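I opened the model to look up helix packing first, then strand pairing. My notes follow.

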Amino acid sequence: MNRGASRAGSGASSIMVIIVCVCLTVFSVLALVTVRTEVKLTSKTTQSVTNRYAADAEAEKVLSVIDGLIAMSYNRIDLEIRIREIEGITYNVIENEIRINIKVDENNILEVILTDINPGAATDRYKINTHRQINTAQWNPDNFPVLWPGN
């Protein structure tokens, strides 16, 4: 009689190897799924940031043009006439503000609001009051059925 021999036969070790293989397979599939979702998220984030910086660069170009128009204008009426020619820009003479709206993507615009406009001034021609990204998409709340009426 061999007292040092293991009572567990080869069947228990085989079951253990199968369980380890199944666990490793499940974890590797989960890792692959996670990598795929991270790649998609990174791609969307990159596109969003690229669109935002492109819109910001466009806003800087428009702001440069407006700065030149403000410097060349004699008064608010003259400035209003000059600004009418530029698309996407509105000038409110009464409130003395210029609004610039630049499309970032299908759901967002970049809004820049200039105030304290001084036509013809050498310095301090305007003040940037607002520089923000606005979501223009329509918000539709989900209509879930009532799960518990609260009786």
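I started with the helices. The axes of α1 (residues 10–72) and α2 (residues 76–83) come within 9 Å and cross at roughly 145 degrees. Axes here are lines fitted to C-alpha atoms, for helices over the stretch in contact, with angles from 0 to 180 degrees between N-to-C directions. Helices (H or I, at least four residues) and strands (E, at least two) are DSSP runs, numbered from the N terminus.

I noted the residues in the contact (heavy atoms within 4.5 Å). α1 supplies Leu69, Ile70 and Met72, and α2 supplies Asp78, Leu79, Arg82 and Ile83. I sorted them into 5 nonpolar, no polar and 2 charged. Asp, Glu, Lys and Arg count as charged; Ala, Val, Leu, Ile, Met, Phe, Trp, Tyr, Cys and Pro as nonpolar; the others, Gly among them, as polar.

A note on the source: this is a predicted model, where local features need pLDDT of at least 70, side-chain atom pairs count only at pLDDT 80 or more, and totals for chains, interfaces and linings use all residues. Residues are numbered from 1 along each chain as its sequence is written, and side-chain values use heavy atoms, without hydrogens and water.

Next, the strands. I took two strands as paired if DSSP finds at least two bridges between them. β1 (residues 89–92) and β2 (residues 97–105) run antiparallel, joined by 4 bridges. Their hairpin has 4 residues between the strands, and Asn96 there takes a positive phi near 55 degrees.

β2 also pairs with β3 (residues 108–115), antiparallel, over 7 bridges. A hairpin of 2 residues joins β2 to β3.

Which residues pair with Ile98? Tyr91 is a bridge partner of Ile98, and Leu114 in β3 stands opposite Ile98.
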